[in-house]
Amino acid sequence: MAEYGPCCNYNGNYGIWQHSSTGSVPGVNGNCDLDYAYIDYAAVINKKQPVTRKNPDELAVEVLNGQWGNGTDRQQLLTAAGYDYAVVQEKVNRLLNRKSVDQIAREVIRGSWGNGNERINRLKQAGYDPTQIQKRVNQLL
């Protein structure tokens with residue numbers, strides 16, 4: 001999944017997130033892609049038992065379920081397990097601040113999300129299902 005920036009907004013499954021195309025690596029001239037891998041592809045290629053890596057969305061749910069502790073403990077545990085704490089915490093924050101379908105549908109009716117493809121793209125980028133939102137809009141109207 002290639003999406004540049006501090007967080008990945010894609011809600012589907014992915015094994016690698018390419019978060020930058022302008023990174024630098026010692027010994028390499030010019031820009032480099034920077035990625036987070038959640039699957040041990042080398043092990044898969046070598047037909048060894050792969051080390052299962054979880055994507056940030058899965059980890060965020062586990063964090064909210066209390067599986068990774070709190071505060072500094074959470075940061076240390078996630079970092080020690082090889083995960084990017086900031087990426088996981090951003091996903092946690094998004095889940096905590098998520099609006100209900102009903103709230104978003106009412107915002108759509110007020111015109112806050114635009115129209116047509118613009119609305120669809122903005123809803124997807126914010127992590128909402130445009131079809132589900134439109135269904136609720138239709139029910140409210």
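This is a predicted model: local features need pLDDT of at least 70, side-chain atom pairs count only at pLDDT 80 or more; totals for chains, interfaces and linings use all residues.
Residues are numbered from 1 along each chain as its sequence is written, and side-chain values use heavy atoms, with hydrogens and water left out.

Me: Which helices do the buried residues of H5 pack against?
Reply: Helices here are DSSP runs (H or I, at least four residues) numbered from the N terminus, and buried means under 20% relative accessible area, against over 50% for exposed and partly exposed in between (1.4 Å probe, protein chains only). In H5, residues 101-110, the buried residues are Ile 104, Ala 105, Glu 107 and Val 108. They cover an arc of only 160° around the axis, taken from the directions from the helix axis to the C-beta atoms, and therefore lie on the same side of H5. With contact meaning heavy atoms within 4.5 Å, their packing partners are helix H6 (116-125) and helix H7 (130-140).

Me: Within what arc do the buried residues of H7 fall?
Reply: The buried residues of H7 are Pro 130, Ile 133 and Val 137, and they pack against H5 and H6. On the other side of H7, Thr 131 and Lys 135 are exposed. Seen down the axis, the buried residues line one face of H7, because they fall within an arc of 65°.

Me: What is the angle between the planes of Trp 113 and Tyr 128?
Reply: Rings of Phe, Tyr and Trp (its six-membered ring) pair if their centres lie within 6.5 Å, and planes under 30 degrees apart count as stacked, over 60 as edge-to-face and the rest as tilted; a search of the whole structure finds 3 such pairs. One of them, Trp 68 with Tyr 83, is edge-to-face at 6.1 Å centre to centre and 90° between the planes. Trp 113 and Tyr 128 also form an edge-to-face pair, 6.2 Å centre to centre, with an angle between the planes of 80°.

Me: Where in the chain do Trp 113 and Tyr 128 lie?
Reply: Trp 113 is buried, with a relative accessible area of 11%, and Tyr 128 is buried with a relative accessible area of 11%. Their pair links distant parts of the chain, 15 residues apart, with Trp 113 in the loop between H5 and H6 and Tyr 128 in the loop between H6 and H7.

Me: Is Tyr 41 buried or partly exposed?
Reply: Tyr 41 lies in helix H1, residues 41-45. Because its relative accessibility is 35%, Tyr 41 counts as partly exposed.

Definitions and conventions: Helices (H or I, at least four residues) and strands (E, at least two) are DSSP runs, numbered from the N terminus.
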